[in-house]
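Please consult the sequence and the structure while reading.

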Amino acid sequence: PSLQSPVTRATSRIISREMRHFPMINSSLLDNLTSLNFTTQRKTTTDHQKMDSSFFWKFRPYALTSSAGTNTNIYTSPSSRQKLLTHYEEDNQRAIREGVKILPSSKSSKLRTLQWNINNFCHNRHTHSTSDIIREGIIQTILDANADVLILNEYCSYVQDLKLLSFEKDIADLGYHVVECGTVDFPTALATRLEVKELREVRLSYDRSALVVQVRSNSGSRELVWVIGTHLNHFSGERRHNEMMVLMNKLKQTMGDDLGTNERIVLAGDLNQQRSHDYAQDGEWRKICSGMDFRHSCHDDGVANVLTDQGFTCAWDSTLPCYKSTLSRSILTNNDSAENNEGTTTIVTTNWETSHPPATHWSGTIVDYSYGCNVSPVAVSISPCGWSDHRMTVCDWTW
């Protein structure tokens, strides 16, 4: 049955009061907030004869292309943060104008995960300033994604308890319950509509942790799968590497030394490191590296290699041009799962048509990732909604 979202009840009261503080938020987002009537059932591709091409990102981040062919590099500018935030907001607005959306859930999906650093419900340019309209926008964007499991980074560092209680009540009305929230300075929260079999928090360092939860999928045989949410250190590559090693060692203690043969696992979070193969090498990656050098940051913290060595594959990698011989991108149709000539490949659908994934971070780069072990991505989406300084990522998985 239809369910009127709690967003509707509150939003009409606050838009006129709050909008003056958020001139960069596109009006179409607010139009969506004021007229909601959704169902709590997961929509799949069987509801759609064919996806309109407007669903897809068709451009690269402005921060990576704005100074192409010149000697100017925004990443080494003293005022780079404000410029990059402006480009991030402009990219969001352009994508929304062009109709970019999260893809409906694939009919072959057994699990849909949502990962999002929500920046403590704060506005991009005011780190400690929260607003009801930000919270309501986040709720609607989560609702639109229709995920089974939510991984929310920077959940409550600066947010008053009252705001958290209000948020948790609202998403409870949508069928989610927050099963765990980290107890560190940079906490991750994990919420789900699924049956929870086991959960724990793994301390990675003095201010970072990972949430580990085992859920029962809604697929026909209701198989068990582990979902892990984490947020690694934002300053030190060495610390990020050590934090991931702590997590892998803890998982081995629980699940056995060979994770690649024993368990189905999805790991998602803000890993705070760019990877070279997510960018065009001749211009984009060189520009990003010069910014890393300017900040005295490492080009590679080794976390991606740690995960690969333990049998994990990044969902983004299944969509890159170098993988097209085995895993192909396609426009979503009723038949969104197919085999290649050898009969072994599942098509991976994305909501972008560019050669590399869109940015997930205000810097115009990717720092948010979803990895799978003994599971395969079916569809991957990156949202243009600008309610945080990170973009939401959504993945459909099968096995």
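A contact means heavy atoms within 4.5 Å.

## Model and overall fold

This is a predicted model, in which local features need pLDDT of at least 70, side-chain atom pairs count only at pLDDT 80 or more, and totals for chains, interfaces and linings use all residues. Residues are numbered from 1 along each chain as its sequence is written, and side-chain values use heavy atoms, with hydrogens and water left out.

Among contacts in the chain with a separation of 6 or more, 73% join residues 24 or more positions apart. The chain contains ten helices and 17 strands; helices (H or I, at least four residues) and strands (E, at least two) are DSSP runs, numbered from the N terminus.

## Burial and surface

Of the 399 residues, 57% are buried, where buried means under 20% relative accessible area, exposed over 50% and partly exposed in between (1.4 Å probe, protein chains only). The accessible surface of the chain is about 16,200 Å², and carbon and sulfur atoms contribute 48% of that area. Accessible areas come from the Shrake-Rupley method with a 1.4 Å probe; for residues, only the protein chains shown count as cover.

## Helix 5

Helix 5 covers residues 132-145. Its 14 residues reach 20 Å from first to last C-alpha, close to the 20 Å expected at 1.5 Å a residue; the expected span is 1.5 Å times one less than the number of residues.

Twelve of the 14 residues are buried, so helix 5 is largely enclosed by the rest of the structure. The buried residues include R135, E136 and Q140. Just after helix 5, N146 adopts a positive phi of about 55°.

## Cysteines

The whole structure has zero disulfides, a disulfide being a pair of cysteine sulfur atoms within 2.5 Å. C289 is buried at 9% relative accessibility, whereas C181 is partly exposed at 22%.
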